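Dear colleague,

I am handing over the structure below, and after it you will find my notes on what was found in it. Please read the notes with the model open beside them.

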Amino acid sequence: MKYALIGCGRVSGSHIKAAIHNNLEIAALCDIVPEKAQLLKDEYNLDAEIFSDYKEMLQKINPELTAIATISGTHGEIALYCAENGYNFMVEKPMAMSIAEGEFIGMIDSDDYIPSDYFEKLYNAVCRHNADIAVCGIVKEKKRMEKVVAAYSTEEVTENTTDKLRLCKCPPDFFPVNKLYRRPMLEALGLRFAENVQYEDVMFVLRAICESGRMVTVPGVAYRYVFNPTSTVKSRQTAAKQAQKYAAHKAMTYYFESNGLPLRERYRNLTVRHYTLHGICIWKIKEKGERRVLRLFDAIPVYCWKKK
């Protein structure tokens, strides 16, 4: 498959590695600063043509798949050009910096992929039932293994909050992908992803599910989630990243409690911080209510205290 990359900045290496891993023919690299494209070409020893104009590149190379990895705020224009001119593409989120202009909003992570009829099936279902959200199955892929996280055999329509959470398996899963959202609903709720933090998906998805109206499940189609150990979430858990994960988990439990929603006991146990050595968890601090516990190997309680 002939592949082209538009945008050769910070995240471009991940795209190139994925293309190489999948044996794609990397035919072209494009960046408004051609020197960046040249550096990327040299780093991975690519036999790719360099362009500074993405339209010229698309017209000359006619790639079978184009990845859009330019800076935020420029994705929409390039994606629209690709769509209007028949080029298959995948695009980094966000599609736009403020509010999307379409009637519905769907999301695809740069590591993942979807079948060709994915959005058609979700769109038809959400329109058929006048729903705010359509949700389909999701499959996790890791190397040569895959796991079905969610799958639906029928179209199930509900406005009940507890049922919507059950169908989406929230918690523990808070996938913003595998869903199609009605844009006016998101606008009315003032829903946006928090910026410059990790685990921002949790509260976005939780509020969208709970505060929206009707939801429909879509059988016969699945989003393909590809595990990437080098992603910003899966890579090394820094203290700042752990703090953001703790804050997201705490906000989730508070939302359930303040809205009178049932929450299993195990999801009330928060991980405040963990310390690893060679990939093995040595120490972990857990929190439940006002009580914190220091655990050895996440199994042996060593010390407990009341949170200040």
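The side chains of K250 and E287 form a salt bridge with an N to O distance of 3.1 Å, where a salt bridge is a side-chain nitrogen of Lys or Arg within 4 Å of a carboxyl oxygen of Asp or Glu. Because K250 lies in helix 9 and E287 in strand 13, this pair ties together parts that are 37 residues apart in sequence; helices (DSSP runs of H or I, at least four residues) and strands (runs of E, at least two) are numbered from the N terminus.

Before going further, please note that this is a predicted model, in which local features need pLDDT of at least 70 and side-chain atom pairs count only at pLDDT 80 or more, while totals for chains, interfaces and linings use all residues. Residues are numbered from 1 along each chain as its sequence is written, and side-chain values use heavy atoms, with hydrogens and water left out.

E287 is buried, with a relative accessible area of 2%, whereas K250 is partly exposed at 32%; here buried means under 20% relative accessible area, exposed over 50%, and partly exposed in between, with a 1.4 Å probe and protein chains only. E287 also forms a salt bridge with K307, the closest N and O atoms being 3.5 Å apart. This second pair links distant parts of the chain, with K307 in the segment after strand 15 and E287 in strand 13, 20 residues apart. Both K307 and E287 are buried. Through salt bridges that share partners, K250, E287, R292 and K307 are joined into one network.

A further salt bridge joins the side chains of E265 and K288 at 2.4 Å, N to O. This pair too links distant parts of the chain, E265 being in the loop between helix 9 and strand 12 and K288 in strand 13, 23 residues apart. Both ends are partly exposed, E265 with a relative accessible area of 43% and K288 with 39%. By the rule given above, the count comes to 20 salt bridges.

**Surface patch**

Y275, I280, W283, F297, I300, V302 and Y303 make a nonpolar surface patch of about 700 Å². Such patches are made of residues with over 30% relative accessible area and no salt bridge, like charges being joined within 9 Å and nonpolar side chains (Val, Leu, Ile, Met, Phe, Trp, Tyr) within 5 Å, and accessible areas come from the Shrake-Rupley method with a 1.4 Å probe, only the protein chains shown counting as cover for residues. Strand 13 (280-288) and strand 15 (300-306) each supply at least two residues of the patch, and the largest share, three residues, comes from strand 15. Y275 is found in strand 12 and is partly exposed at 37%. F297, in the loop between strand 14 and strand 15, is partly exposed at 47% and has a positive phi of about 55 degrees although it is not a glycine.

**Buried parts**

Helix 8 (residues 201-211) is largely enclosed by the rest of the structure, because eight of its 11 residues are buried. What covers these buried residues includes strand 7, helix 6, strand 10, helix 7 and helix 9.

N178, in the loop between helix 6 and strand 10, is buried at 3% relative accessibility. A polar atom of its side chain lies 2.8 Å from the backbone oxygen of C136, and a polar contact of 2.9 Å joins the side chains of N178 and K179; a polar contact is a pair of N or O atoms within 3.5 Å, of which, within protein, one must be able to donate a hydrogen and the other to accept it, residues adjacent in sequence counting only if both atoms are side-chain atoms.

**Backbone geometry and confidence**

The loop that holds N178 also holds P171 and P172. A cis peptide bond joins C170 and P171, with omega about -15 degrees, and another joins P171 and P172, with omega about 15 degrees.

The mean pLDDT of the protein is 91, and 96% of its residues reach 70 or more, pLDDT being the predictor's confidence in each residue, from 0 to 100.

With best regards

Definitions and conventions
Contact = heavy atoms within 4.5 Å.
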